[in-house]
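Open the model in your viewer and keep the sequence panel beside it. The tour goes stop by stop.

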Amino acid sequence: MQRPVIAIISTGGTIARRSMDPRDTVDYAEIGASIGGSDLLAALPEAVRARFAVCDIPFSSCDSVEMTLARWFDLASVVNRTIVARPDLDGVVITHGTSSLEEAACFLDLVLDAPCPVVVVGAQRPASAISADGPANLYAALLVASCPDAAGRGVLVVANNEIHAAQEVTKASTYQLETFRSPDFGPLGMIEANRVFFGRAAGYRRHVGWPEGYGSGGEIPRVDISYSHAGADGVGIRAFMAAGARGIITAGMLPGMCTPAENVALDEAVARGVVVVQASSGYCGGVVRRQELCQRGILAAGHMRPRQARILLSLALMIGADGDAIQALYDMP
């Protein structure tokens, strides 16, 4: 039986960190050492490695808190080039730190048109820890990336033997292994007994594509997130405007509400041509474009969480989408 050909693109993060102390699951990020994609693969038993023909492609060793939209554009370029250069490729696995993994997966899903499965995977414990979850997560990601049924579903996130849609998943726990969850609709499937099962299809997939004319190091519009809280006075919103923000995502109090002082500042932003999107700081549930938001010219983020809504708005501004087109993207579903 021919082995599936999988490209592993490594970008750093907890899955690629090692500490001197096997009990360390906290300080490794600052004092630990980085390991490469080949080291991650070497942690799997030989019988497991023998199931796949792996192409190891190092991308970076930076932690996920160091990632930026520009770096994710470069990562997407690597994915595209790899797929073109390897027509025999069955799938792509990207190892990534979990702190910004949901943003990375969402970005890749919005810009990539990959004919094969693209799977993003991370770990909650470093490679040196007791019961490190990186090897198991990597093996599960390899299984999903080599599964023909995974193609055409957009970018997928695999963790703790669950499969999630890139635009639905969020990191919910700081240290627990079951950190990645899709609170509104649940996982797409699971890995069980060395087999991949899909229980449902993603109900939607927003897609922007590659912004025409963008190249490495090109200009990316500034979009900021303002987190609402009791007594917020709008100073942060005005600071974002002063810094040149072309878009502002407001992470409002549920179900998507801001303080009166914030609303004054947001109205000032809209008057200056800044695109304002109302999101919610809640764990689940959507923000609808109710009458008041329509009257004020503020868009609604739907079921997108603030950090993912920011990525969508950045890309939408890059392709020159107007307010109606941007709202149509957020409205799915």
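**Stop 1: a buried cysteine**

Select C258. This cysteine is buried, at a relative accessible area of 13%. Buried here means under 20% relative accessible area, exposed means over 50%, and partly exposed lies in between (1.4 Å probe, protein chains only). This is a predicted model: local features need pLDDT of at least 70, side-chain atom pairs count only at pLDDT 80 or more, and totals for chains, interfaces and linings use all residues. Residues are numbered from 1 along each chain as its sequence is written, and side-chain values use heavy atoms, with hydrogens and water left out.

**Stop 2**

Select C55 with C116: C55 is in no disulfide, and the sulfur of C116, the nearest cysteine sulfur, is 12 Å away. C55 is partly exposed, with a relative accessible area of 21%.

**Stop 2: the loop at S64**

Move to S64. This serine is found in the loop between β4 (53-58) and α4 (69-85). Helices (H or I, at least four residues) and strands (E, at least two) are DSSP runs, numbered from the N terminus. S64 counts as buried, at 6% relative accessibility.

What touches S64, leaving aside its neighbours within four places in sequence? Select H96, G97, T98, S99 and S100: S64 is in contact with these residues. Contact means heavy atoms within 4.5 Å. Draw a C-alpha to C-alpha distance from S64 to S99. The pair is 5.7 Å apart in space and 35 residues apart in sequence.

**Stop 3: zoom out**

Show the protein chain as a cartoon. Look for 11 helices and 16 strands. The C-alpha atoms fill a box of roughly 60 × 40 × 40 Å along the principal axes. A compact globule of 333 residues would have a radius of gyration near 20 Å, and the protein chain agrees, with 20 Å. That radius is taken over C-alpha atoms, and the globule rule is 2.2 Å times the number of residues to the power 0.38.

Colour by burial next: 52% of the 333 residues count as buried. Among contacts between residues at least 6 apart in sequence, 73% join residues at least 24 apart.

Definitions and conventions
A disulfide is a pair of cysteine sulfur atoms within 2.5 Å.
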